[in-house]
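Dear colleague,

I am handing over a structure for your review. Please find it below, followed by an account of what was found in it.

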Amino acid sequence: MQSAAPTPTEDEIAALIESNADLEGPLLPMLHALQESFGHIPRPAMQMIADRLNITKAELHGVISFYHDFREAPAGKHVLKICRAEACQAMGGNALAEETLAKLGLDWHGTTINGAVTVEPVYCLGLCACGPAAMMDDRCVGRVDRRRMDALLAEAGA
Amino acid sequence: MKVYVPMDSAAKALGAEEVVAALQEAAPEAQVIRTGTRGMIWLEPLVEVEIDGIRHGFGPATPVDAAAILDGSSAKALGPVDDLDWMKRQTRLTFARVGVIDPLSMDDYEAHGGLAGLKRALTMTGQQIVDEVKTSGLRGRGGAGFPTGIKWQTVHDSDAPQKYIVCNADEGDSGTFADRMIMEGDPFTLIEGMAIAGLGVGATKGYVYLRSEYPDAIAVMTRAVEIARAEGVLGENILGSPHSFDMEIRKGAGAYVCGEETSLLNSLEGKRGVVRAKPPLPALEGFLGRPTVVNNVISLATVPVIFEKGAEHHASFGIGKSRGTITLQIAGNVARGGLFETGFGVTLGEVIDDLAGGTATGRPFKAVQVGGPLGAYMPRSKFDAPMGYEEFGAEGGLIGHAGLVVFDDTADMLGMARFAMEFCAVESCGKCTPCRIGAVRGVETIDRIARGDADAVTILTDLCETMTDGSLCALGGFTPYPVMSALTHFPDEFSTTKEAAE
Ligand SMILES: Cc1cc2nc3c(=O)[nH]c(=O)nc-3n(C[C@H](O)[C@H](O)[C@H](O)COP(=O)(O)O)c2cc1C
Ligand code: FES
């Protein structure tokens with residue numbers, strides 16, 4: 001899903017901004033569309049969105065930084081989210097997360113040196129009856145143990 | 001031959017896609033129908049094979065089981081699914097179709113009672129619709145348990161050029177997945193419920209604010225809206241009536257606090273998801289300042305069955321002021337986890353010892369957190385507590401969205417209290433000081449207790465009081481529930497007798 005896409009052109013950005021501009025409350029759909037296409041909110045988009053929606057760049061930055069999802073720089077090729085919430089903790093989620101981060105030599109939000117995987121914390125994936133849970137890009141995985149995690153990481157090229 | 005396999009994300013997370021591939025390879029002529037999940041997550045992937053019109057279950061299935069499942073010789077045979085204890089003991093009103101039908105087949109939906117409620121509502125006035133909801137006794141399933149009919153009345157009575165129905169599908173509580181299950185397993189129910197709400201209060205536009213952590217639910221709901229539009233259930237002149245109602249799916253962006261209704265509305269408007277002070281109520285000044293019904297997924301998805309079977313039918317289940325059914329989500333360290341829908345009034349002990357079958361690890365039960373990250377930790381001594389809003393509240397608990405997270409005796413309760421504060425600090429919207437600063441100080445204070453500082457317990461108690469009394473919303477206001485319940489019920493783990501390491 002997340003791809004290290006080439007630098008987007010202004011036309012591409014403008015098209016995504018425009019296609020959402022007439023919605024009621026257009027900003028989040030716009031940001032999602034940009035991030036889906038480019039893996040992050042590209043810098044040149046900031047002024048363009050601000051102009052189109054008649055808000056300041058500071059306001060826009062305030063919105064982008066409020067939400068955990070939006071990033072202003074690209075992530076790794078894949079994003080691995082490991083659930084840190086209570087139901088997964090009850091099934092050993094903490095140990096799994098610590099072990100995974102240690103194995104990759106990363107902290108939360110870090111990306112492997114080869115750019116393959118970024119590891120993010122997530123607070124519940126709705127898989128609380130089959131924890132510990134994780135999600136690789138858009139794919140859910142339940143009852144994650146060391147073996148399943150290794151397989152996921154290998155598949156992602158970490 | 002008809003074979004049913006769930007496409008629910010929990011089933012997929014446990015290998016349903018691999019099982020489907022193996023089934024198709026073993027029997028290319030078999031018709032594989034994808035459904036939601038029945039809610040028995042410990043049996044997922046649960047394959048059902050129709051034999052003489054009866055669906056027989058096999059699970060938890062793996063790809064190597066495929067051939068034996070198809071020829072009926074599999075050791076994973078469970079018998080007819082409807083005869084399983086877990087299914088037989090439920091009262092499925094809201095979840096009647098989930099796991100049974102193809103979620104995206106309008107024909108299936110109608111054949112199982114779908115649209116009957118909407119058709120009836122189309123013969124009623126707005127006030128009659130609101131009255132029906134009041135009579136049903138339906139209370140908001142998102143957490144606060146506010147009477148849905150009263151909220152609708154306020155919006156109904158307001159005068160505005162545009163009103164809105166906003167569905168809160170932000171389901172951020174750990175241990176909850178009922179919203180996800182219904183959106184993935186029976187999306188038309190939610191659409192129908194929102195349409196009825198629109199008719200009731202005079203709103204022609206709806207939004208589902210759906211968390212981004214649920215990509216499968218987003219995909220199913222988006223598709224379901226398109227189908228509903230094509231079938232005339234949404235849009236102009238719904239089902240040939242003079243009424244119009246349409247809706248959009250909007251994706252959240254990873255902020256727990258956006259489940260709080262005013263924060264959600266700000267987010268939907270494209271702002272920071274900061275909590276608004278109330279009043280004004282969203283019912284009067286909600287989305288874009290217009291009168292807005294904000295209801296949880298389960299509240300809205302329960303509306304169609306109320307109109308299909310009548311308000312009295314719904315009101316006939318439950319205890320006290322908690323009418324209808326509670327959609328229990330049994331999670332964490334349990335032998336049998338999943339969704340169980342039953343009348344309000346079931347006791348905590350019944351759910352954990354009987355339904356859930358104790359812990360998954362087989363170790364002794366220690367605590368259950370009910371109602372999400374802002375809910376209390378309850379010990380075994382609370383097992384007689386009946387699950388009704390007032391009844392459970394009297395025991396110091398919070399039903400919330402009805403998620404239960406079970407822990408075995410290895411749980412570190414001081415660690416869980418610390419996590420509650422940490423979570424509040426990470427997710428605070430930052431508007432009010434008791435929550436924004438209090439949560440950070442809370443983590444530090446619990447760390448002091450862990451280091452053996454006896455005075456810190458008093459400080460923590462005091463801090464929790466300040467957060468309870470002074471926070472703008474229940475994020476800061478209820479974080480003291482898990483913290484103080486852990487401290488009250490498991491004082492030994494906060495005791496300073498373990499010598500300071502220094
Ligand atoms: C921090 C916080 C998070 C919340 N999260 C949710 C949520 O994810 N889903 C939900 O329906 N209600 C949530 N609520 C409750 C909503 O504010 C609101 O009461 C609810 O959407 C009203 O719908 P209902 O009456 O149908 O329950 C949350 C409240 C708070 C304070
Ligand atoms: S707590 Fe981890 S998936 Fe819900």
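Helices (H or I, at least four residues) and strands (E, at least two) are taken as DSSP runs, numbered from the N terminus. This is a predicted model, in which local features need pLDDT of at least 70 and side-chain atom pairs count only at pLDDT 80 or more, while totals for chains, interfaces and linings use all residues. Residues are numbered from 1 along each chain as its sequence is written, chains are lettered from A and ligands numbered from 1 in the order in which they are written, and side-chain values use heavy atoms, with hydrogens and water left out.

An unreviewed UniProt entry lists Cys83(A), Cys88(A), Cys124(A) and Cys128(A) under "binding site". These residues spread over 46 residues of sequence, yet they cluster in space, with a largest C-alpha distance of 9.4 Å. UniProt positions follow the numbering used here, feature names are shortened, and annotations may be inferred rather than shown by experiment.

Cys88(A) belongs to helix α5 (residues 86-89) of chain A. Cys88(A) counts as buried because its relative accessibility is 2% (buried means under 20% relative accessible area, exposed over 50%, partly exposed in between, with a 1.4 Å probe and protein chains only). Not counting residues up to four places away in sequence, Cys88(A) is in contact (heavy atoms within 4.5 Å) with residues including Cys83(A) and Pro132(A).

Cys124(A) sits in the loop between β2 (117-122) and β3 (134-136) of chain A. Cys124(A) is likewise buried, at 2% relative accessibility. Leaving aside neighbours within four places in sequence, its contacts include Cys83(A), as well as Asp173(B) and Arg211(B).

Yours sincerely
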